[in-house]
Every structure is written in structure tokens, then in C-alpha cells.
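Welcome! Open your viewer, get ready to select a few residues, and follow along stop by stop.

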Amino acid sequence: MVSKKGDLIALASIPLIMTLGNSMLIPILPEIARALRVTSFQVSMLITVYAVVAILLIPVAGYLSDKFGRKAIIIPSLTLAGVGGAVSGVADWFADGIAVYWLILAGRFLQGIGAAGAFPIVLPLVGDLFDDEEEVSHNLGLIETSNTFGKVLSPILGALLGAWIWYVPLLAIPVLCLISLLLVLFWVKEPKEREKAKPLPEFLRAVKEVFKLKGRWLFAIFAIGGICMFLLFGVLFYLSEQLEVKHGLKGVIKGLVLAIPLAALCLASYLTGKKIGKNKILMKWLGVAGLVLATAALFGIGFFSNIYFVITCLIVCGAGIGMVLPSQDALITEGIDKEMRGTITSLYSSMRFIGVSAGPPVISLLMKRGHMTMFFAIAGVSLAGMLLLLLMVKPHSGRGGVSRPKKAPRPLHQG
């Protein structure tokens, strides 16, 4: 059997670098707001516009990857993400005043277009590379761990680079994208045998049929992916603001504190990916347990605002989200036929990006309502996700469940 370690390393670099390209901005958002003299809500749009563009284009990228191949979409997407990062990074050199903000926003728009065809296409490509369900689950766990490790590293690296000049994290994005681009170009060997994509009308009918048969659990997992990203990016935005405004923590120290709950998420993601194997029932119940932990932690924060208590609860919340994400990745990847995999997983990725885009602006508005109101509201969202997973996803069932048909060699599956 040919070793695919090089393929996995190259593919794992994509979520790592895409996450760094977005989450590195979290710790420096207050500094950007001061430098550009914009509001907290306006600066949160630097995260939101990136995600909104990706949301709209991810399904298109998924269909194109089914039609033309995964690598053919990933390579130009990484290139465009790098160009967008470069535009944002040099904005302060070529404009003044509020024009700098709009130029950065334009660069983030381009970066979002590139992001749409990068990480979301990695998930179905991992499924294409391996025939054994256990290998797929394990390697998706590694990909999700790479994604979460990017979230751990990003506040530290963002703070380090931002301590030099606030726009240096933006300048780092094209460099990181180039590294990933070269790895994919030379190390990823996409399977040569690929089913011919259906014509668009037939393809749309096939998508409709998938949702007719499996919509119950697919919609639930889509929503849960969005909820997890909403919780994660929302609380990170809140913590970044509070550490700086109320506790005077800036730079690398703030980045290290932000990394603590993310490290818990990363570890939980890695361990979950190793544990779940082919066991879809275990995937469901680990996801339920993770959302129970996240809900309890967020409700707890609502009662007490002591910073040490908040960080402890966010560690628990991070670990809970880390249990959910690899389980949902595996359920959706292994529950969809190969020919539809790119499209369906891209819709799942779109929902995750909706969570990313909604988190910071919603939290910035909820912060005005008070600490308890904000955390009770987002704990309620987490509870809703847990109930969806508990009631709507039934891995043991046949029709509408996530079990794969025995005839098919194997159906399939966001920082």
C-alpha cells in the first residue's frame, strides 16, 4: 500500500493556514479598531465579510470539485486567498483614513472567495483518498485537529506579529498560503479514477433526492456545525475584548490566554478523531456529551464574571466543541455517496462559516445587554444544538439515518 503521509501533511496544512489567516486577527481586532478609528462592530466585519463570501461560494466550489477534481479547485483558491491577504496587508501603505478600512475589507472579500475552495474541499478529498471507514474517520480527525491547532496558534502568532505593527498578521497571509500551495502542488496525488460528474439538471435532482432521503439528519448536522463555530468565534471575540479592556492584557500575554481554551479544543478534537473509528453511534453520543459540556460551561459563566472562572469554563466549552466537530465531520463524510460528497460537505462547511460570520457581530451586540443575558442566550443556542443532535441524528436507523448502504464502497461526509 502506497503511503499517503505526504498527502495528509499537505492537506492538513490547508485548514491550519486558512485558520491562521482568519483567527490571527482576533487578538488584534481592538488594535485595528484604534488604528483605523472604527467601532467594535465595524472591525468585527473583517471576520464577517470573509465568512459571508465563503458561505455563498462554498457550494459552488463543492460542485466544481465534483466536476473538475478537488486539486483543480484547491490550487487557484489558495492563490486567491493569498492575493486577498496581500491586498489587506498593504492597505495602510496605499491609502489614508477610512479608505484603509475599506481596502482591508476588499482584501478580506477576496480572501473569503479563496477560502471557499480551500478547506471545504479538503474534507471530501480525504474521503476520496481512503477506502476504509476507520481510516477516513481517523484522518478527518487529524484534519480537524490541524484546524483546531491553527486556532490555538493563531492568537499567539497574531499577537506576536501584531506587536510589531498591527497589519503584519495580514502580510503573513500570502506567505502562509504560498507554503500550503506548494505542498499541495507537489505532494497531493488525487485518485485518478473519478466518477464523471452529472450534468447540472441531473445533479440538482440528485441533490434534491439526497435531502429527501437524508435531510432529517443532514440539516441537524449542518445546524450543529454552524452553532459550534458561532459559539467558538463569539466567545473568542468576547474574551479578546475583555482581556484588553477590563484586565489590561495585550500582545503575547493576551494571545497566550486566548490559546488556553483553544488548546483544550485541539486536544479533545485529536482524541475524539482517534477514538470514534467506524462507530457512528459513538460519534453521535460524543457529540451530545460535548454539547452538554459546552452548554453547562456557558450557563455557568452567566452567573459569575470572575476572569479565572470564565477561563476555566471556556476550557470546558472548548473541550466540548472539540468532541463535537470530528464526530460531525465523520458522520457526514461517511454518510454520503462519493459522487455527491463534495457538494454536500461544502454545504456543511457553509453552515460552519455562517457560525464564524455571525459570532463576533452578534456577541458585540449582546455585550450591550449585559453579561448574564449574553451568556444565557448563547448557552441556549448550544442547548438547541444538543437537542438537535439527540433527537434528529439516529445512526442506527436505515432510511434517513447516517449508515452507509452496504453496496457502495463507502459514502461520505470548520476554523
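This is a predicted model: local features need pLDDT of at least 70, side-chain atom pairs count only at pLDDT 80 or more; totals for chains, interfaces and linings use all residues.

Residues are numbered from 1 along each chain as its sequence is written, and side-chain values use heavy atoms, leaving out hydrogens and water.

**Stop one: the core.** Select L11, I14, M18, L218, L298, I344 and I378, which touch the most other members of the largest nonpolar core, a set of 131 residues. (Such a core joins buried Ala, Val, Leu, Ile, Met, Phe, Trp, Tyr and Cys residues through side-chain atoms within 4.5 Å; buried means under 20% relative accessible area, with a 1.4 Å probe and protein chains only.) Helix 10 (residues 200-245) gives the largest share of this core, 24 residues. Helices here are DSSP runs of H or I, at least four residues, numbered from the N terminus.

**Stop two: S269.** Move to helix 11 (residues 251-276), where S269 is found. At 0% relative accessibility, S269 counts as buried. Leaving aside neighbours within four places in sequence, S269 is in contact (heavy atoms within 4.5 Å) with G141, E144, T145, T148, G322 and P326.

**Stop three: helix 6.** Now select residues 98-116, which form helix 6. Its buried residues include V100, Y101, R108 and Q111.

**Last stop: a helix pair.** Show helix 3 (residues 40-68) with helix 4 (residues 70-89). A61, L64, S65, D66 and F68 in helix 3 meet R70, A72 and I73 in helix 4.

Conventions. Buried means under 20% relative accessible area, exposed over 50%, partly exposed in between (1.4 Å probe, protein chains only). Helices (H or I, at least four residues) and strands (E, at least two) are DSSP runs, numbered from the N terminus. The expected span of a helix is 1.5 Å times one less than its number of residues. Axes are lines fitted to C-alpha atoms, for helices over the stretch in contact, and angles run from 0 to 180 degrees between N-to-C directions.
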